[in-house]
Amino acid sequence: MTKAAKHPLIEPADLKRMLASARPLPKPTTHVNGSGLKAYQYMVLVRPIEDSGEITFKSGLKIYKPDETRERDEHASMEGYVVDISPSAFTFEPSAPVPALGDRVVFARYSGTTIKGNDGVNYRYMNDKDIIGRRTEAA
């Protein structure tokens, strides 16, 4: 099984590697949603960036967060990858930019409803207006 089949979204490091080797990038229509979840109405499905649960200091010392703190921090996260967009999302303003599948987006803190997908990963359903920006790679 290939890495793309296990992880449906392209990680930034993989994107750089793909561009360097001049392989064609997958089109948004061929995007695979392995979560088994579909967004309806004005909703967007986002995979939040997961917290490793550890803090590393300059001295090399590592401290692991308690489970309660880690869960609270995960719910307060503000970045993730777009997995699915409903057809009605982002229709409130025709001239507004729309994120594409796989884009890394910034969203409002504590927004959305957390649900576990078929692949065991936690996803968030959120309103399209909760997405406040898109993060681009530094040049």
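Q: Is Arg135 buried, partly exposed or exposed?
A: Arg135 counts as partly exposed, at 44% relative accessibility. Buried means under 20% relative accessible area, exposed means over 50%, and partly exposed lies in between, with a 1.4 Å probe and protein chains only. This is a predicted model, in which local features need pLDDT of at least 70 and side-chain atom pairs count only at pLDDT 80 or more, while totals for chains, interfaces and linings use all residues. Residues are numbered from 1 along each chain as its sequence is written, and side-chain values use heavy atoms, with hydrogens and water left out.

Q: With which residue does Arg135 form a salt bridge?
A: The partner is Glu79, and the closest N and O atoms are 2.7 Å apart. A salt bridge here is a side-chain nitrogen of Lys or Arg within 4 Å of a carboxyl oxygen of Asp or Glu.

Q: Which residues are linked with Glu79 in a network?
A: Arg104 and Arg135 are linked with Glu79 in a network of salt bridges. The side chains of Arg104 and Glu79 meet at 2.8 Å, N to O. This pair also links distant parts of the chain, with Arg104 in strand β5 and Glu79 in strand β4, 25 residues apart. Arg104 counts as partly exposed, at 26% relative accessibility.

Q: How many salt bridges does the whole structure have?
A: A search of the whole structure finds four. Among them is the one between Asp84 and Lys38, whose closest N and O atoms are 3.6 Å apart. Asp84 lies in strand β4 and Lys38 in the loop between α2 (12-20) and β1 (43-48), so the pair ties together parts that are 46 residues apart in sequence. Asp84 is buried, at 9% relative accessible area, whereas Lys38 is partly exposed, at 41%.

Q: Back to β4 and β5: how do the strands pair?
A: Strand β4 (residues 79-85) and strand β5 (residues 104-107) pair in the antiparallel sense over three bridges. Two strands count as paired if DSSP finds at least two bridges between them. Glu79 has Val106 of β5 as its bridge partner, and Tyr81 stands opposite Arg104 in β5.

Q: What about β5 and β8?
A: β5 and β8 also pair in the antiparallel sense over three bridges. The bridge partner of Val106 in β8 is Gly133.

Q: In what order do the strands form the sheet?
A: Six strands form an open sheet in the order β6-β7-β1-β4-β5-β8, with antiparallel pairing. β6 (113-116) and β8 (131-134) stand at the edges with a single partner strand each, so one side of each is left without a neighbour in the sheet.

Q: Changing topic, which residues form the nonpolar patch on the surface?
A: Ile55, Phe57, Leu61 and Ile63 form the patch, with about 350 Å² of accessible area together. Areas come from the Shrake-Rupley method with a 1.4 Å probe, and for residues only the protein chains shown count as cover. Patches are made of residues with over 30% relative accessible area and no salt bridge, where like charges are joined within 9 Å and nonpolar side chains (Val, Leu, Ile, Met, Phe, Trp, Tyr) within 5 Å.

Q: Where does Phe57 lie?
A: Phe57 lies in the loop between β2 (54-56) and β3 (62-64). Phe57 is partly exposed, with a relative accessible area of 41%.

Conventions. Helices (H or I, at least four residues) and strands (E, at least two) are DSSP runs, numbered from the N terminus.
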